[in-house]
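Welcome, and please open your viewer. We will go from stop to stop, and at each one you will hear what to select and what is there.

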Amino acid sequence: MTEFTTDRRTLLAGAAALASLSALPGRALAQGAPIRIGTLTPLTGAGGPYGPVMVKAVKAVVDEVNAAGGVLGRKIELISEDDQTNPEAGVRAARKLIDVDKVSAILGTWSSAVTTAVAPLCWESKTFLATVSGADSITLLPHQGYLIRTQPNTTLQGRKFGEFCVAEKAKRVFFLSPQTPFFKSQFDNITEAVKKAGGETGSLVYDDKKPAYRSEIDEVLRFKPDAIIFGGYTPDTAVMLKDAYRAGYGGLKVAFGYAVNQKLVESVPAEVVDKTFTIAPSPAEGSKAYARLVKMIGVASPDPYTTQVYDQINLILMAIALAGDTSGSAIKDAVRKVSQAQGGAKIDNALDGLKAIAAKQPVDYDGASGPCDFTETGDIADCQFRYEQVQGGKLTLVKIA
């Protein structure tokens with residue numbers, strides 16, 4: 001478990017919010033047992049670069065709401081666990097959060113394999129789960145409504161990758177990926193987009209723990225691709241890019257934004273990764289929620305997962321307030337009433353949402369990651385994507401579309 005401290009700036013901001021909320025009729029200062037919320041993020045492992053900042057965003061919201069009196073007159077207690085980007089570790093940590101800590105909700109599962117392993121524990125215990133994982137299969141699980149995700153599914157992501165390669169004039173596109181829950185869906189949708197334009201695709205699933213991939217790269221090159229999509233995580237993608245460079249591959253290179261990040265760019269020779277494109281769901285840059293998150297956590301360009309988990313904690317706290325109940329079942333029934341109430345007040349943070357709910361106003365939340373409207377199965381209804389390219393040792397924005 002990770003413990004956190006509260007800085008003076010947060011306390012002052014919270015005190016101001018407390019003064020504002022204290023004027024609400026019938027409002028009581030936080031008292032009684034705390035409401036426990038868990039984060040289950042990758043603080044180590046392949047997703048390790050993302051988890052700590054995600055937790056920082058959740059804690060910033062919790063601190064702010066606690067300083068303003070909490071929810072339902074109770075403080076929020078945040079308990080953070082490390083899933084190690086590993087399903088077995090994720091299950092152990094989830095069991096602790098559910099059985100020992102008895103949290104109302106778990107936020108932030110990142111790896112699709114971790115989310116797939118943890119989700120049954122959540123719906124069986126009626127614990128609400130909010131994830132940033134993308135595999136199509138996740139929202140097809142029999143989760144009974146106890147799951148939402150803020151990440152676009154792999155049907156949409158695969159199509160975007162395929163369409164991008166086509167737009168870059170690629171006719172022969174190869175998809176390299178470790179064995180993940182999203183491999184098939186990703187490849188099928190890449191293929192659909194490429195074949196629609198008259199092209200062909202190939203694929204290879206590899207062991208992501210190998211120290212070298214020259215034999216895999218040789219197999220890829222026998223396909224004579226003019227585009228390779230690298231579908232792995234940062235450690236294996238770094239090795240793949242090196243081996244592709246040594247093999248003389250000079251065609252289009254495309255990868256997930258979470259794999260080819262600044263850490264990878266700085267860890268390999270510039271010529272290995274230069275001109276590689278990345279594609280990732282785009283945060284709602286320019287929105288009030290995004291600007292607020294930047295100020296709260298002191299990070300100039302939060303990654304998509306941090307913006308998503310920020311939205312998740314805002315939504316869950318508002319759902320608890322609207323339901324007047326802290327259970328996972330109550331969150332399940334109320335979350336869409338605060339994310340997309342028709343004609344509701346446009347809200348971009350939990351403090352304003354709690355005021356609106358106290359005033360009996362319907363709430364329509366638009367967050368740092370986007371509109372946050374959910375389908376019946378728990379998928380988000382819409383999302384923009386961010387396209388970047390490595391240029392001169394830095395990731396450079398190409399477009400948001």
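A word for the whole tour: contact means heavy atoms within 4.5 Å. With that in hand, select Ala323, which touches Ala330 and Ala334, leaving aside residues up to four places away in sequence. Before moving on, note that this is a predicted model, in which local features need pLDDT of at least 70 and side-chain atom pairs count only at pLDDT 80 or more, while totals for chains, interfaces and linings use all residues. Residues are numbered from 1 along each chain as its sequence is written, and side-chain values use heavy atoms, with hydrogens and water left out.

**Stop 1: around Ala323**

Ala323 belongs to helix H13 (residues 304-323). Helices (H or I, at least four residues) and strands (E, at least two) are DSSP runs, numbered from the N terminus. The relative accessible area of Ala323 is 35%, so this residue is partly exposed; buried means under 20%, exposed over 50%, and partly exposed in between (1.4 Å probe, protein chains only).

**Stop 2: the five-stranded sheet**

Ile76 leads us to a sheet. Five strands form this open sheet in the order E2-E1-E3-E4-E5, with parallel pairing; two strands pair if DSSP finds at least two bridges between them. At the edges, pairing on one side only, are strand E2 (76-82) and strand E5 (147-149). Neighbouring strands here are turned by 20° against each other on average, direction ignored. Axes are lines fitted to C-alpha atoms, for helices over the stretch in contact, and angles run from 0 to 180 degrees between N-to-C directions.

Select strand E1 (residues 35-41) and strand E3 (residues 105-109): they run parallel and are joined by three bridges. Which residue of E3 is the bridge partner of Ile37? Look for Ala105.

**Stop 3: a pair of helices**

Keep helix H4 (residues 112-125) and select helix H3 (residues 87-100): they pack at an angle of about 25°, with their axes 8 Å apart. That makes H3 roughly parallel to H4, a term for angles under 35 degrees. On the H3 side, the contact residues include Pro87, Val91 and Ile98, and on the H4 side Ala113, Leu121 and Ser125 are among them.

**Stop 4**

E6 pairs with E7 in the parallel sense over seven bridges, and Val173 has Thr201 as its bridge partner in E7. Strand E6 (residues 172-178) also pairs with strand E8 (residues 227-230), in the parallel sense over four bridges. There, Phe175 has Ile229 of E8 as its bridge partner.

Key:
Parallel < 35°, antiparallel > 145°, perpendicular 65-115°, else oblique.
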